Structure formats: structure tokens, C-alpha cells
Amino acid sequence: MQREVALAYGIYKQDLPSLDEKPRNVVFIDMGHSAYQVSVCAFNKGKLKVLATTFDPYLGGRNFDEALVDYFCDEFKTKYKINVKENSRALLRLYQECEKLKKLMSANASDLPLNIECFMNDLDVSSKMNRAQFEQLCASLLARVEPPLIAVMDQANLQREDINSIEIVGGATRIPAVKEQVSRFFLKDISTTLNADEAVARGCALQSDGDSSKVKVKVRINIHGIFSVASASVIEKQNLEGDHNDAPMETETSSKNDNKDDVSPPSDKQDRINQTIKKGKVKSIDLPIQSSLYRQLTQDLLNSYIENEGKMIMQDKLEKERNDAKNAVEEYVYDFRDKLGTVYEKFITPEDMNKLSAILEDTENWLYEEGEDQPKQVYVDKLQELKKYGQPIQMKYVEHEERPKALNDLGKKIQLVLKVIEAHRNKDERYDHLDPAEMEKVEKYISDSMNWLNSKMNAQNKLSLTQDPVVKVSEIVAKSKELDNFCNSIVYKPKPKVEVPEDKAKANNEHNGPMDGQSGTETNPDPAKGSSQHAESGEMDVD
């Protein structure tokens, strides 16, 4: 990967020495999560050569994380009497927190806290560390930074004075102690012109862009963020017959290291690609896709997991319904027992109250003993049994609260109709158009309704609040609607309009002349004035 990093560094450099000048020697240091690599490259304009490469495949950022984890595991074992390494979940959380702490210590030299809530056995743990302690803790790891630097200089047969620049990439190179080790060895400041996280990927993209063939891959990403390859094809750009302008890149081999290549990026790469497209033809070859199940589930196993997940979802749904049914019983017990001592007290006899209170208490005890874990239907049946005792009391309370309003509404309607009947008897001109026969029917109906209302009210007043009502609110409301349907169409029948014949009205206007207080000119207004007034009245401002 060092060649790709070097390509990302040098391909856009404009100040590189020409081919006949002394090359610029650059050291690339890459320390990532798990490995450490060092290489020396020589740059000329349009050409790079990898002089030497060394590495430590077992030194990276995770080793520094492990050092912190081991330290805090020992501290928590002494301080809190817990063994973190026996609990995989707690150990994973500690790794995550130690990685965050390591990044914070790269920017801060002061003491930094480490706090984890509900770490193990609902126990909160805390500690602290600073950069000096961290560097002392990782002294053995930091000592492994220098040997690959010595080895790469020996392989390249260079002295420190021959090095022009030092570039670092990889997340672990952000650790101040690592940068200090490198800077102290080369006696130079470190350059950070490359993106530490993207330099390798950028170099790979530039390298593939210079190849004559490209691979086009179509991927799909599911809702869980996992992607799969849908299709893949090789796009080859072929020259026309007899055209050899698109020559392959120059490659050299170092005499010191046979497996290191020299990559010569073209000086005018974009023009070369454009010429290839114009003068050549493009050929697409589909590639076979073979799924690798390394650390992945087979389809049969995945289907079985999906089936089990569906069963668990259904089981959770049934469990929720069972808990809801149980909670409904418990809620009814508490709510009804509270109302028995307040709003329902007047509507139940002392004997029935004692009996119902005992039933509620037995139900509560049952819920916390043998009824703790029962099927849903058992709780549904228990709730219906309780409502069989409680609903009659609740009904008496509701009837008592709503009956006065319903009786009052019916009484008002009866009084309004009686006033119309009385006015009709007295020959009130407002009601002289009503049919006498129909009014007799209304009068008889109102009389019967009054008798019904009085009898029900008298009977209800003789009962106590603990007895069932003689008449229900729903019956009174139905009686009120029946009265409206029977009487309103008769007593509120609109008075018919008297229409005067046209000839008679015209004759009256001719013989009678103008009315009192009016002149003839007022009776026959000026047409122009009238048209003007009409025009004015026909216009309005609309906002």
C-alpha cells in the first residue's frame, strides 16, 4: 500500500525535480489499527521509485487500546472487586471507552476522566488518566517505533540528511508520542499534507484510473447497512489497429529490493485518457459473482433465524396483551375501591359494600399470588366477573347525575308546545293557519306526555338511591325526540303567504295614485337617476 500512498502524494506535485536532477526522497510512515509500515520513495517529475520498505505487522492502534484496557481491568478488579474480562459485553464497552480516551489524550495533556454507567452488575465505575501516564504505560510499544525506521534507512542506503520530507498516515500516527519518536529519529519536523484516513484509498483510485481496464461494480445496501454485489463487469479500452499512442506506464525494479516497483504516472494523464476514448473502443465483460460466506450466515440458517424472529415477535405481542389484561384487572380494583368510599357510597347498601370490598381485596391478593402469571383469558374473565358487581352501581350513579338535565329538557319542550296550544285557542293570528283537528291531536299527545312524566317523577322520588331507577335517561331522551317528531311539524308549520293578483295590484296603483307623504315625482323617479343609483348599488369594494 506504500506505493499507492506515494502516488497520492506525488501525482499532483508541481515542484518535483526533473528527471536529470537529484530525486526528492520522502519517507512514508503508516500506522493504522493493526500494522505499522515504513517506506522510502524517490520522486522526480512524472516518476516515483520505492527504494525500501519495512514493517511491523503487530504494532498498531489496537495495541495502545489493549494497554489501556489491561490497566483499567486491573484497577477495577482492585477497586470494585469485579473481573471485567469474564464479561464480554462489559469488556467491549471498556474497549470503546478506552479508544475514546486515547483520542482525547492526543489533544489534551491534563487528567481526563473515564466514567461508565451500569458497567457490571448495575455498578457505575470511574477512573482517570493523563498523557504522561499513558506514555509511561505504553513505553514498550513506543520502543518498537524506531527499529523499522533504522531498517528502512539501511535498505535504502540513505542517511538522515538525504531525506527531504517525512509524511505520516494512519490513525495511530496521531498519538503525540509516536510523532515525537519519528521526529526525534530523523531530526526533522513531520509533514501532515496527506489525509491520514483517506491517503491509501485515494492512491488506489489514482492507480486504477491509470490502468487500461476498469472494474464496474454495482452494489446494493439493505436497511441494516450490509451491502452485496449485484453485478460486476470489466471495462477495457482497446486501441484501434495500428495506434500505439497509449503506451503502458514505465516500471523499474530497485536493485536493493526486488519486489518494489517503480510507477511512472503520465505527465498529462487526462489527455491520454481522452485520446484513448476517442481513438479506441470500449469492451465490457461481465464477471461471475461468487458469494464468500466467511463470517457470514448461510441462507438456510438466515431463514431459520428470520422464522425464529417472527415467532419471538408474536410471542412478545401475546405477552403484551397478557400484561395489558392483567393491568386492566388491577386498575379496575384500585379505581372502583377508591370510588366506593366517595362518589358510589350513596348508591350501595352497607351490606353490599362490605361484600364488594371483600371481593376486591381477594382479587388484589390473587393478582400478587397465584394470579401473578396466568393466561390472558383468565384475566379477561376475572375483569368481567368484577364488572358484574360494579356496573349496576356505576349505572345508578350515572343515571342520578344525568336524569335532572334530561327531565328539564323534556319539561321545557312540553311548556313551549302548551303556549302554542293556548295561543291557538285564543285566536292568535300567528297560529290561525293551524288545522284545529291537528291541534287537538297535539293537545292530547301533550297531555299524555305530561301524565307520563309526572307519574315517572313521582315514582322515582319514592325510591332510595340504592334502588334501580324507575325510568332511565335513555327513555326520557327517547320521549323528548318522539315529542319533537310528532309536534314540531304541526305547531311550527309556517304561515302561508297571501299573493295579490297582478291585474288587481296594477288597478289599485292607477286609481289610488301616490301614497300619503309621497309626491308623484317620488313615485316615478328619474330614469337617469335611477339607473345611476342602480349602477352604484351594483358596485362594491371587495377586500
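Tutor: Cys-41 has Val-50 as its bridge partner in strand 3. The model is a predicted one, in which local features need pLDDT of at least 70 and side-chain atom pairs count only at pLDDT 80 or more, whereas totals for chains, interfaces and linings use all residues. Residues are numbered from 1 along each chain as its sequence is written, and side-chain values use heavy atoms, with hydrogens and water left out.

Strand 2 covers residues 36-44 and strand 3 covers residues 47-56. Strands here are DSSP runs of type E with at least two residues, helices are runs of H or I with at least four residues, and both are numbered from the N terminus. Strand 2 and strand 3 run antiparallel and are joined by 9 bridges; two strands count as paired if DSSP finds at least two bridges between them. They form a hairpin with 2 residues between them, and Gly-46 in the turn has a positive phi of about 80 degrees.

Strand 2 also pairs with strand 1 (residues 24-31), again antiparallel, through 8 bridges. The hairpin that joins strand 1 to strand 2 passes through 4 residues, and Met-31 stands opposite Tyr-36 in strand 2. Strand 2 is mostly covered, with 8 of its 9 residues buried. Buried means under 20% relative accessible area, exposed means over 50%, and partly exposed lies in between, for a 1.4 Å probe and protein chains only.

In strand 3 one finds Leu-48, which counts as buried because its relative accessibility is 2%. Leu-48 and Arg-3 are 45 residues apart in sequence, yet their C-alpha atoms are 8.8 Å apart in space.

Cysteines elsewhere in the chain also deserve a remark. The structure holds 0 disulfides, a disulfide being a pair of cysteine sulfur atoms within 2.5 Å. For Cys-98, the closest cysteine sulfur is that of Cys-73 at 7.7 Å, which is too far for a bond. Cys-98 is buried, since its relative accessibility is 0%, and Cys-487 is likewise buried, with a relative accessible area of 0%.

Ser-480 lies in helix 14, which spans residues 473-491. Ser-480 counts as buried because its relative accessibility is 8%. Leaving aside residues up to four places away in sequence, Ser-480 touches Leu-410 and Lys-413, where contact means heavy atoms within 4.5 Å.

Lys-495 lies in the loop between helix 14 and helix 15 (502-512). With a relative accessible area of 46%, Lys-495 is partly exposed. Under the same exclusion of residues up to four places away, Lys-495 touches Glu-429, Asp-432 and His-433. The side chain of Lys-495 reaches the backbone oxygen of Glu-429 at 2.8 Å. Lys-495 and Glu-429 are 66 residues apart in sequence and 9.8 Å apart in space, C-alpha to C-alpha.

As for the whole, the protein chain has 17 helices and 10 strands. Of its 543 residues, 32% are buried. Among contacts between residues at least 6 apart in sequence, 67% join residues at least 24 apart.

Technical notes:
Polar contact = N/O pair within 3.5 Å; in protein donor to acceptor, adjacent residues only side chain to side chain.
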